[in-house]
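Hi everyone, thanks for coming. Let me put the structure up on the screen, and then we can walk through a few parts of it together.

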Amino acid sequence: MINSVITKMSKTLVILALLPFAGTAYAETKASKETIRVSKATYTQKAPTRGGTGKIYMDREISQVMGHLGAGWLERSEREREERTDLLVKNLELKPNEIVADIGAGSGYFTFRMAKLVPEGKAYAVDISKEMLAIVKGRIGKFKTDNVIPVHGTITDVKLPENSVDCVLIVDAYHEFSHPREMALSILKALKPGGRLVLIEYRLEDPKVPIKRLHKMTQVQSKKEMKAIGFDWKETRHMLPQQHFMVYLKPDPKAKNTPK
Ligand SMILES: C[S@@+](CC[C@H](N)C(=O)[O-])C[C@H]1O[C@@H](n2cnc3c(N)ncnc32)[C@H](O)[C@@H]1O
């Protein structure tokens, strides 16, 4: 009798012990199937180089993500002078009623600056980091800003309404997106036809820019990746001391003169 109770108990224990693994195995199988579907054609893996993930997209190694502990660096007082962030924001040429989105917003350095320029519109702060979004929410409360909307995106989806955004800004974040193809497709979907994507990346062509290699990008690489998604390159402006200011458009089928 005692033996049979022990046997029953141990069977139950074994089942309970295995349950979490059963769940994990299913999730892994599901995830790996999805990964294989995308990665066979899109991503490959190699040994990571310094600061990198080893994941290769269109001949570029994706960098590691900046954690929320980097928020202080993003908000440093010298940033405006070093990177001329004032010129960056001015060159977005925002109109007061525009809907804008800062993807990989971090602490919201650019979101709040954009929000001031679109008093009749709104500024989405999209990030995958709950900690970064908590900083953004704290600033909304502190400054009583009513047109900044924090959005918790995923690594593949910006979670914004389709055809709703006039201008997307990505500053120093695209190179660390773990799924750049899915992210860019999601951004394309969120933009209105004719809407613009302004992509800011440190210039890899310039050895004087004091930033780690994988956190920089060449213009050629950026154009290649955006073309593959269906964006039209419009122009690159050269007023920033360290970064490319690259403007891409979502094609508008109704417009006559869409750039080639
Ligand atoms: C280097 S910080 C730049 C922050 C901000 N753009 C700035 O310049 O002040 C990069 C940010 O991108 C975020 N990030 C990384 N992958 C992301 C993804 N797939 N979607 C949205 N945010 C992402 C990180 O969490 C981090 O906050």
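Let's begin at M58, which counts as exposed because it has 12 C-beta neighbours inside 10 Å. A word on that term: with C-beta atoms placed from the backbone, a residue is buried if 20 or more other C-beta atoms lie within 10 Å of its own, exposed if 12 or fewer, and partly exposed in between. M58 sits in the loop between β2 and β3 (60–63), and its phi is positive, near 50°, though M58 is not a glycine. D59 is in the loop between β2 and β3 too, and has a positive phi of about 70° without being a glycine. Most residues other than glycine have a negative phi. D59 is also exposed, with 9 other C-beta atoms within 10 Å.

Before going on, a note on what you are looking at. This is a predicted model: local features need pLDDT of at least 70, side-chain atom pairs count only at pLDDT 80 or more, and totals for chains, interfaces and linings use all residues. Residues are numbered from 1 along each chain as its sequence is written.

Now the overall picture. The protein chain has eight helices and eleven strands; these are DSSP runs numbered from the N terminus, H or I over at least four residues for helices, E over at least two for strands. Of its 260 residues, 31% count as buried. Among contacts with a separation of 6 or more, 63% join residues 24 or more positions apart, where a contact means C-beta atoms, placed from the backbone, within 7 Å.

Beyond its neighbours within four places in sequence, K46 touches G54 and I56. I56 is ten residues away along the chain, and the two C-alpha atoms are 7.4 Å apart.

Next, helix α6, residues 130–143. Its 14 residues reach 20 Å from first C-alpha to last, close to the 20 Å expected at 1.5 Å a residue; that expectation is 1.5 Å times one less than the number of residues. Which residues of α6 are buried? They are M132, L133, I135 and V136. Seen down the axis, the buried residues fall within an arc of 150°, so they line one face of α6; the arc is that of the directions from the helix axis to the C-beta atoms. They pack against α2 (71–74), α5, β5 and β6 (148–152). The face turned away carries exposed residues K130, E131, G138, G141 and K142. Just after α6, K144 has a positive phi of about 50°.

Helix α8, residues 219–229, has S222, E225 and M226 as its buried residues. Here the arc is 95°, so they line one face of α8. Their cover includes α7 (180–190) and β8 (191–203), while V220 and K227 are exposed on the other side. Just after α8, G230 has a positive phi of about 115°.

Last, the ligand. Around it are 22 residues, the closest being G104, G106, S129, V171 and A173; to be near, a residue needs its C-beta atom, placed from the backbone, within 6 Å. Helix α5 (109–117) and strand β5 (122–127) are the elements giving two or more residues to this shell.

Thanks, and I'm happy to take questions.

Note on methods
Two residues are in contact if their C-beta atoms, placed from the backbone, lie within 7 Å.
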